[in-house]
Amino acid sequence: MTSPQSCAGILTHIRDHVPGDKSQVMEYLTDMEHHYAGHPCQKEISDVFASLAIQSFSHVEFQTFMSRVQNPDIIVEAVLGSVRSLLNERNGMAAESALLYILPYAEHPNEGEEKYLSFRDFIEYAYYITWLSPEQTFKVHPYQNCDILFQSGQLALFKGEKNQARAIFRFLSELSPVNDSILFARADMCREERILNEFRNLTNQCFEYAWKPDDLAHAYRNMGYYLTETGDYTGAVTCYLMATTWEDSPETARELAYIKEKAGKEPDVPAILSHGREILDERNIPFGPNPKIIELMVTYAEECKQDGDFFEARKYLSRAKALELSDSLEREIEVIERFIEDNTIF
């Protein structure tokens, strides 16, 4: 028997007690949302609330429900997660149906004189104000609004509405200017339309802003594609091999096989590995992560340590290590973890 204290037990209880009378569903879900606000299983519970609300309510009723709950952002995020999954499953009709419920929450306040920008993470904000536009005055707006618009752009692409998708992604690049996911989406469109110069320019930006290993690997694979298409097979192989430092991808093996076929010979992998930095330098391609990103992460982690926030310090040092693969950062992380372990009261 499922324990009522477990997440699974709570989810089952919520589903099993939804009123049969549709007029009572909103009151029931609102009461349940208030009851479980702040619960350790809140994310899983909110996923259920979001699913039941979409099944039960019209768009207008959904907005009424959202005005009554204590944590509307968590409900919106649950719907967003559903939209992402449905798009990944190529179920455009269901994704569009779910997205329409949360599109009203994608409004952005850039209508007056004040400028608003959005960032997925503190490190994007720090990079922007440190290296891109230190003199600019702006306010930070929650990123969730941009994410809703981003999914609407992905849906437009799925439906073949390329002009609409392109307009959305360009608009989002202005709202969230240090965001590789948006740049990759724009680059994918350039790749499909064979606008190779813009594809390379966008990929260069992705290198600059990458703060996650998979984004850095993605940028190298994109550059590998560009070099393959321009006939620079040595540079292309170098980029694909570099990408494997941060992420394995089936695309790498496929592209290396394609390069072998196009070139008519096996690439000299040992020579490429021995001269990788030189090969990339000759082509103005970065060798590894942007050191400015690493510096910001390490500096912020040190500030967190000084403030006694060792969990946050560990998080950003771990991110820096995932990019830089540094033994010294690994030792710093181990010291912090020992401190946390020794000072945590269970």
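Q: Is the link of Cys7 and Cys41 left-handed or right-handed?
A: The angle about the S-S bond is -90°. This is a predicted model: local features need pLDDT of at least 70, side-chain atom pairs count only at pLDDT 80 or more, and totals for chains, interfaces and linings use all residues. Residues are numbered from 1 along each chain as its sequence is written, and side-chain values use heavy atoms, without hydrogens and water. At -90°, the link of Cys7 and Cys41 is left-handed.

Q: How far apart are the sulfur atoms of Cys7 and Cys41?
A: A disulfide is a pair of cysteine sulfur atoms within 2.5 Å. Cys7 and Cys41 form one, with their sulfur atoms apart by 1.8 Å.

Q: Why does the pair of Cys7 and Cys41 tie together parts that are apart in sequence, and by how many residues?
A: Helices here are DSSP runs (H or I, at least four residues), numbered from the N terminus. Cys7 sits in helix H1 (residues 7-16), and Cys41 in the loop between helix H2 (25-35) and H3. The pair therefore joins parts whose separation in sequence is 34 residues.

Q: Which helix gives the most to the lining of the largest pocket?
A: On a 1 Å grid over the protein atoms alone, a pocket is an open set with protein on both sides within 12 Å along at least five of seven lines, a cavity is a set where a 1.4 Å probe fits but cannot get out, and lining residues have an atom within 4 Å of a point. Helix H5 (72-88) and helix H8 (144-158) each supply at least two lining residues. With 6 residues, the top contributor is H8.

Q: What is the volume of the largest cavity?
A: The whole structure holds 1 cavity of 30 Å³ or more. Its lining includes Glu33, Tyr36 and Phe49. Volume is the space filled by probe spheres set on grid points joined across faces, edges and corners. For the largest cavity, that space is about 40 Å³.

Q: At what angle do H9 and H10 pack?
A: Contact (heavy atoms within 4.5 Å) joins residues of H9, including Phe169 and Leu172, to residues of H10, including Leu183 and Met189. Axes are lines fitted to C-alpha atoms over the stretch in contact, and angles run from 0 to 180 degrees between N-to-C directions. The axes of H9 (residues 162-175) and H10 (residues 180-193) lie 9 Å apart. Their packing angle is about 145°.
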